[in-house]
Amino acid sequence: MHPLWFIPISAVLVLASKGPLLIAMSKEGTGYDNHHPRSQQARLTGWGQRALAAHQNTIESFPISAACLLTGYTLGVSTDRLTILCAIFLACRLIYIYLYVADKALPRSLVWTLAYFTCLAMPLLGLI
């Protein structure tokens, strides 16, 4: 797979990360409030609050990861290397979402760190 596919796949991951959040919101007493979803999200506790945080972190990671990929690609990092790094990043992000919702703080932080350094490797490989 060409590494630039990573960008639309990561955009879909942002949507997918909202799945647990939607479930939490639908179970939050009055069902999903499409009129005031942010107010409803602010009332979430427990795993629902963690689902919101995981979703927000997924949104935050998207521009950084896309920029690192595009920079590495522009700097001539091989598509094979970029594809491997992208696959590792995506796997880490999926695991991260699960660990966040499941309240596994230490493994979540370790997976986040691995994903972050995987992103950093994309442009750095083009600079060395």
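Predicted model: local features only at pLDDT ≥ 70, side-chain atom pairs only at ≥ 80, totals over all residues.
Local features were considered only at pLDDT of at least 70 and side-chain atom pairs only at pLDDT 80 or more, whereas totals for chains, interfaces and linings use all residues. Residues are numbered from 1 along each chain as its sequence is written, and side-chain values use heavy atoms, with hydrogens and water left out.

The chain has six helices and zero strands, where helices (H or I, at least four residues) and strands (E, at least two) are DSSP runs numbered from the N terminus. The order of elements from the N terminus is α-α-α-α-α-α. Along the principal axes, the C-alpha atoms fill a box of roughly 55 × 30 × 20 Å. Of the 128 residues, 37% count as buried; buried means under 20% relative accessible area, exposed over 50%, and partly exposed in between (1.4 Å probe, protein chains only). The accessible surface of the chain is about 7,400 Å², and carbon and sulfur atoms make up 67% of it; areas come from the Shrake-Rupley method with a 1.4 Å probe, and for residues only the protein chains shown count as cover. Among contacts (heavy atoms within 4.5 Å) with a separation of 6 or more, 70% join residues 24 or more positions apart.

Two packed helices are described by the angle between their axes and the distance between the axes. Axes are lines fitted to C-alpha atoms, for helices over the stretch in contact, and angles run from 0 to 180 degrees between N-to-C directions. Angles under 35 degrees count as roughly parallel, over 145 as roughly antiparallel, 65 to 115 as roughly perpendicular and the rest as oblique. The axes of α1 and α4 are 9 Å apart at an angle of about 175°, and these two helices are therefore roughly antiparallel. On the α1 side the contact involves F6, I7, S10, A11, L13 and V14, and on the α4 side H55, T58, I59, F62, S65, A66, L69 and L70. By class, this contact has ten nonpolar, four polar and no charged residues; Ala, Val, Leu, Ile, Met, Phe, Trp, Tyr, Cys and Pro count as nonpolar, Asp, Glu, Lys and Arg as charged, and the others, Gly among them, as polar.

Helix α2 (residues 18–26) has an axis that comes within 5 Å of that of α1, and the two cross at roughly 15°. Helices α1 and α2 are therefore roughly parallel. Here V14, L15 and A16 of α1 meet K18, G19 and P20 of α2.

A nonpolar core is a set of buried Ala, Val, Leu, Ile, Met, Phe, Trp, Tyr and Cys residues joined through side-chain atoms within 4.5 Å. The largest has 20 residues, and F6, L69, F89 and M122 have the most contacts inside it. At least two core residues come from each of α1 (6–16), α4 (46–74), α5 (79–101) and α6 (105–127), and α5 gives the most, with ten. Beyond its neighbours within four places in sequence, F6 contacts S65, A66, L69, C86, F89 and L90. Another core, of seven residues, lies apart and includes L21, A24, A51 and L52.

T58, in helix α4, is buried at 2% relative accessible area.

D103 lies in the loop between α5 and α6. Most residues other than glycine have a negative phi. D103 is not a glycine, yet its phi is positive, at about 60°. With 47% relative accessibility, D103 counts as partly exposed.
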